[in-house]
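This report is written for a reader meeting the structure below. Please keep the sequence and the model in view while reading.

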Amino acid sequence: MDTLSLLLTTALIGGGFYWFICILGSAERKGKAAVNLSGGSIDDDKVQDNYNNYWSFFKTPKQIEKTEKVPAFVDTFYNLVTDIYEWGWGQSFHFSPALPGKSHLEATQIHEEMAVDLLNVKPGDKILDAGCGVGGPMRAIAAHSGASVVGITINEYQVNRATLHNKKAGLDKLCEVVCGNFLEMPFGDNTFDGAYSIEATCHAPKLEDVYAEIFRVLKPGGMYVSYEWVTTEFYDGENAEHVEIIQGIERGDALPGLRHYTDIAEVAKKVGFEVVKEKDLARPPAQPWWTRLKMGRIAYWRNHILVMILSFLGIAPKGTVDVHEMLFVTADYLTKGGEAKIFTPMHMILCRKPE
């Protein structure tokens, strides 16, 4: 091979590797580059230990029943997974019904906008996002409604990411992010005109605790909508396969225990809400929400190879490979739960705080 051919070959290989490592980004227009994967607020040299501690939590399930342990457990989970979620999934950490002719990003935005439309808020109103993540829904909802959105997340790293994204999107005047526990929110009574949660309250050890807090900070007459992760009427607790699927979802998503769909309205009424509407948004004519997970299998293996390369080179923290593999296994359980009709991440409940 002559010198020119060698240089061209080297340039092609180097360019391809650079694209694979540095350019290939998240599902939402490079929200997070692969080369910048981290353990959130966890020091790089402690990511593996934190992953091991997270997993050991489920080896002694009785610990999950201790309410005081759950917030730290959920915080650790989101330190471990936030960058991977954002890189491979986008800035909205939730599912949505598949819509014919619409991309995943478009379907996600429509799903988010529907939530705020149910609240009947107007420009200038102040609404709460309980469990906001890195703020994908917050930004879509603020832009769509003109309302001011205050998001709360227990994870400080997510606060920093959401604040950065809000500024980049030019929505920092409408969107504010607070680090805190939605079981004990730092807001006064009767503060918000409306409130929503999108696949977030499933992390609460007791649903009535977070619903009671949202009830407290909501103004009289204000509306609250939540998309809940629940088991359906088809779930059979005596069926070993069903139990394995649900436990797999719980382990891989930092859930202290999935609730049955009939529990949701009962809890809402218990804390004082009037239940206006309930509906599983995953039911037909909605298209299966889990197709996104099945279609992403090739992308997963491509991404997993990349994560292994980055970890081997010392660019990604040790332990990132284990976290990425855990999420893939969890995606398989979520798919099985959807196909068996025993699980839905989109049980919608719309409530009103009485005047």
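## Basis of the model

The model is predicted, with local features requiring pLDDT of at least 70 and side-chain atom pairs counting only at pLDDT 80 or more, while totals for chains, interfaces and linings use all residues. Residues are numbered from 1 along each chain as its sequence is written, and side-chain values use heavy atoms, leaving out hydrogens and water.

Strand β5 covers residues 218-231 and is largely enclosed by the rest of the structure, because eleven of its 14 residues are buried. Here, buried means under 20% relative accessible area, exposed means over 50%, and partly exposed lies in between (1.4 Å probe, protein chains only). Strands and helices are DSSP runs numbered from the N terminus, a helix (H or I) having at least four residues and a strand (E) at least two.

Two strands are said to pair if DSSP finds at least two bridges between them. Strand β4 (residues 192-198) pairs with β5 in the parallel sense over six bridges, and Phe192 has Leu218 of β5 as its bridge partner. Between β4 and β5 the chain passes through helix α7 (residues 207-217), and this β-α-β crossover is right-handed. That term applies if, with the strands pointing away from the viewer, the path from the first strand over the helix to the second runs clockwise.

Strand β8 (residues 343-352) runs antiparallel to β5 and is joined to it by eight bridges; Ser226 has Ile349 of β8 as its bridge partner. Strand β6 (residues 259-260) pairs with β5 in the parallel sense over two bridges, and there Val230 is partnered by Arg259.

## Salt bridges

Ten salt bridges are found in a search of the whole structure; each is a side-chain nitrogen of Lys or Arg within 4 Å of a carboxyl oxygen of Asp or Glu. One of them joins Arg161 and Glu86 at 2.6 Å, N to O. Arg161 lies in helix α6 (residues 156-168) and Glu86 in helix α3 (residues 70-88), so this pair ties together parts that are 75 residues apart in sequence. Both Arg161 and Glu86 are buried.

Asp189 and Arg216 form another salt bridge, with their closest N and O atoms 2.8 Å apart. Asp189 belongs to the loop between β3 (175-179) and β4, whereas Arg216 lies in helix α7, so the pair ties together parts 27 residues apart in sequence. Asp189 is exposed, with a relative accessible area of 51%, while Arg216 is partly exposed at 22%. Glu213 is linked with Asp189 and Arg216 in a network of salt bridges.

Strands β4 and β5 also carry such a pair: Lys219 in β5 and Asp193 in β4 are 26 residues apart. In the salt bridge between Lys219 and Asp193, the closest N and O atoms are 3.1 Å apart. Lys219 is partly exposed, with a relative accessible area of 31%, and Asp193 is partly exposed at 22%.

## A nonpolar surface patch

Phe312, Leu313 and Ile315 make a nonpolar surface patch of about 340 Å². Patches are made of residues with over 30% relative accessible area and no salt bridge, with nonpolar side chains (Val, Leu, Ile, Met, Phe, Trp, Tyr) joined within 5 Å and like charges within 9 Å. Accessible areas come from the Shrake-Rupley method with a 1.4 Å probe, and for residues only the protein chains shown count as cover. Phe312 lies in helix α11 (residues 297-312) and counts as exposed at 74% relative accessibility.
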